[in-house]
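Student: I have a structure open on my screen and would like to learn how to read it. Could you take me through it feature by feature?

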Amino acid sequence: MAGIYKEAIFEGKVAFIAGGSSGINLRIAQRLAELGARVSIISRSEDKVQAAVDSIVSVGGTAFGQSADVRDPEAVAKALHATAEQYDEIDILVSGAAGNFVATALDMSPNAFKTVVDIDLLGTFNVLRIGFEHLRKPGASIINISAGQAFVPMIGQSHVGSAKAGVDMLTKNLAMEWGPSGVRVNSIVPGPIEDTEGMARLASNEKIKQAFKQTVPLRRYGSKDEIADLAVFLSSDAAAYITGAIVVCDGGQTLCGSGGVNVG
Ligand code: NAP
Ligand code: COA
């Protein structure tokens, strides 16, 4: 078993992963399940959700999934309610559903900009606001998945940067509002991660991929396992005093601005 922990530190815990059917978020779901959590996954595509659940159950984990769009508060409420009914109150809530495409502001309609804000920012509000009712308190951990675009501008990413900056501010505000209930709220900021839809969209050819690597002090993409390990740490007792933190895991990329990479 890869990862920072080997024993089942999440035995008896319940994790809900919004946008957990692929990529980074699926790796987080799989890792939480490997460590004993019962995992509930939502995303829009029923087929992707089923495949994600199968990937966990086939190796002995406990998972179930539902199709739900984070832009639809009723669908989110239904999925959260079903999770609490099926398993128990939720200990670990991850909000990672996101949409991205490369387009400059002038190449975007108002609806294009709004679509990404609706998924990333309003979707995160829905998951957290409705999810709060189902959290086991005190002790629950919430993790929002942000991106470096939240604080480093990048051409072709005004929609994502605006939405993720909002996500990070939501992290800080809700950490303050919910701290007295014993609920921690943190953001993870992944850098460029290998073998993901996000980087397939941002670095659509080898030349841009190499340019991205040059903007990273460690000179490589990160792995999904490296982000999953950080999510494990933030969800664990070892992070019991960490809340409102925007935790960057990017090989140092955001130290360097956008490094002149122009994905547009
Ligand atoms: P991904 O595989 O496309 O993951 C996005 C997930 O969100 C999918 O499971 C998708 O499934 C779901 N989703 C999208 N729209 C949704 C909606 N409206 N309602 C519910 N679920 C929805 O991409 P990824 O690259 O791994 O990205 C995962 C997270 O990491 C995102 O928050 C992204 O912003 C962040 N991130 C990624 C990178 C990177 O290098 N890849 C870097 C920084 C940050 P459905 O299509 O079934 O809905
Ligand atoms: N450039 C400019 N505008 C674009 C675009 C692009 N490449 N792709 C989509 N849009 C616009 C559409 O034209 C539409 O605007 P309009 O109604 O004014 O024409 C708007 O965005 C919404 O598009 P639609 O396809 O209806 O949205 P959707 O809700 O079905 O899908 C997306 C959302 C567009 C974000 C889609 O790419 C998606 O589902 N992504 C999820 C996976 C992902 O992005 N993973 C990486 C995460 S980092």
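Student: Which atoms of Ser43 come 2.6 Å from an oxygen atom of ligand 1, those of the side chain or those of the backbone?

Tutor: The idea to start with is the polar contact, a pair of N or O atoms within 3.5 Å; within protein, one must be able to donate a hydrogen and the other to accept it, and residues adjacent in sequence count only if both atoms are side-chain atoms. In this predicted model, an N or O atom in the side chain of Ser43 is 2.6 Å from an oxygen atom of ligand 1. Backbone atoms take part too: a polar backbone atom of Ile24 is 2.9 Å from an oxygen atom of ligand 1, and a backbone N or O atom of Ile193 also lies 2.9 Å from an oxygen atom of that ligand.

Student: How much of ligand 1 does the protein cover?

Tutor: The protein covers 90% of the 870 Å² of accessible area that ligand 1 has on its own. Such areas come from the Shrake-Rupley method with a 1.4 Å probe; for residues, only the protein chains shown count as cover. Around ligand 1 there are 30 residues, and Ser22, Ser43, Arg44, Asp69 and Thr196 come nearest. A residue is near a molecule or strand if one of its heavy atoms lies within 4 Å of it.

Student: Before we go on, what should I know about the numbering and the model?

Tutor: Residues are numbered from 1 along each chain as its sequence is written, while chains are lettered from A and ligands numbered from 1 in the order in which they are written. Since this is a predicted model, local features need pLDDT of at least 70 and side-chain atom pairs count only at pLDDT 80 or more, whereas totals for chains, interfaces and linings use all residues; side-chain values use heavy atoms, with hydrogens and water left out.

Student: Which residues come nearest to ligand 2?

Tutor: Of the 16 residues around ligand 2, those are Arg44, Asn100, Ser109, Asn111 and Arg201. A polar side-chain atom of Ser109 lies 2.5 Å from an oxygen atom of ligand 2, and a polar backbone atom of Asn100 is 2.8 Å from an oxygen atom of the ligand. For Arg71, an N or O atom in the side chain is 2.9 Å from a ligand 2 oxygen atom. The protein covers 56% of the 950 Å² of accessible area that ligand 2 has on its own.

Student: Which element gives the largest share of the shell around ligand 2?

Tutor: Helices (H or I, at least four residues) and strands (E, at least two) are DSSP runs, numbered from the N terminus. Here α4 gives the largest share, four residues. The elements that give two or more residues to this shell are α4 (110-132) and α6 (197-202).

Student: How do I read a salt bridge?

Tutor: Side chains of opposite charge can pair when their charged atoms come close. The cut-off is a side-chain nitrogen of Lys or Arg within 4 Å of a carboxyl oxygen of Asp or Glu. A search of the whole structure finds 15 salt bridges. In one of them, Lys114 pairs with Asp118, with the closest N and O atoms 2.7 Å apart. Both residues lie in helix α4, four residues apart, about one turn of the helix.

Student: Is Asp120 buried or exposed?

Tutor: Buried means under 20% relative accessible area, exposed over 50%, partly exposed in between (1.4 Å probe, protein chains only). Asp120 counts as buried because its relative accessibility is 1%. Asp120 forms a salt bridge with Lys164, the closest N and O atoms being 3.8 Å apart. This pair links distant parts of the chain, with Asp120 in helix α4 and Lys164 in helix α5 (residues 158-178), 44 residues apart. Lys164 is buried as well, at 6%.

Student: What should I look for in the backbone?

Tutor: Most residues other than glycine have a negative phi, and most peptide bonds are trans. Asp195 is not a glycine, yet has a positive phi of about 60°. You will find Asp195 in the loop between β6 (184-190) and α6. A cis peptide bond joins Lys137 and Pro138, with omega about 0°, and Pro138 sits in the loop between α4 and β5 (141-145).
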